Amino acid sequence: MNRRKKINQTLKSKAKKANAKLHRSNKPAYISKAQRAQLAEQSAENSAEVNEPE
């Protein structure tokens, strides 16, 4: 019984890992605080350039 249980356990774990690889998370990628600040600064510059009168 123990041998059969161990074999089934390893097969189930391998199948679970393979299935997890196929389905990636929908969670957005992490953006660091410094990078968020940099992106905000760039967007502020771009909006300032667009709003300038010619």
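So, what percentage of the 54 residues in the protein chain do buried residues make up? The answer is 0%, where buried means under 20% relative accessible area, exposed over 50% and partly exposed in between, with a 1.4 Å probe and protein chains only.

Quick housekeeping. This is a predicted model, with local features needing pLDDT of at least 70 and side-chain atom pairs pLDDT 80 or more, while totals for chains, interfaces and linings use all residues. Residues are numbered from 1 along each chain as its sequence is written, and side-chain values use heavy atoms, leaving out hydrogens and water.

On to the overall shape. The C-alpha atoms fill a box of roughly 80 × 20 × 10 Å along the principal axes.

Secondary structure: 2 helices and 0 strands, taken as DSSP runs numbered from the N terminus, H or I of at least four residues for helices and E of at least two for strands. Helix α1, residues 2–22, has 21 residues and the number buried is 0, so α1 lies largely in the open.

Now serine 25, in the loop between α1 and α2 (33–51). Serine 25 counts as exposed because its relative accessibility is 59%. From serine 25 to glutamine 42 is 17 residues in sequence and 29 Å in space, C-alpha to C-alpha.
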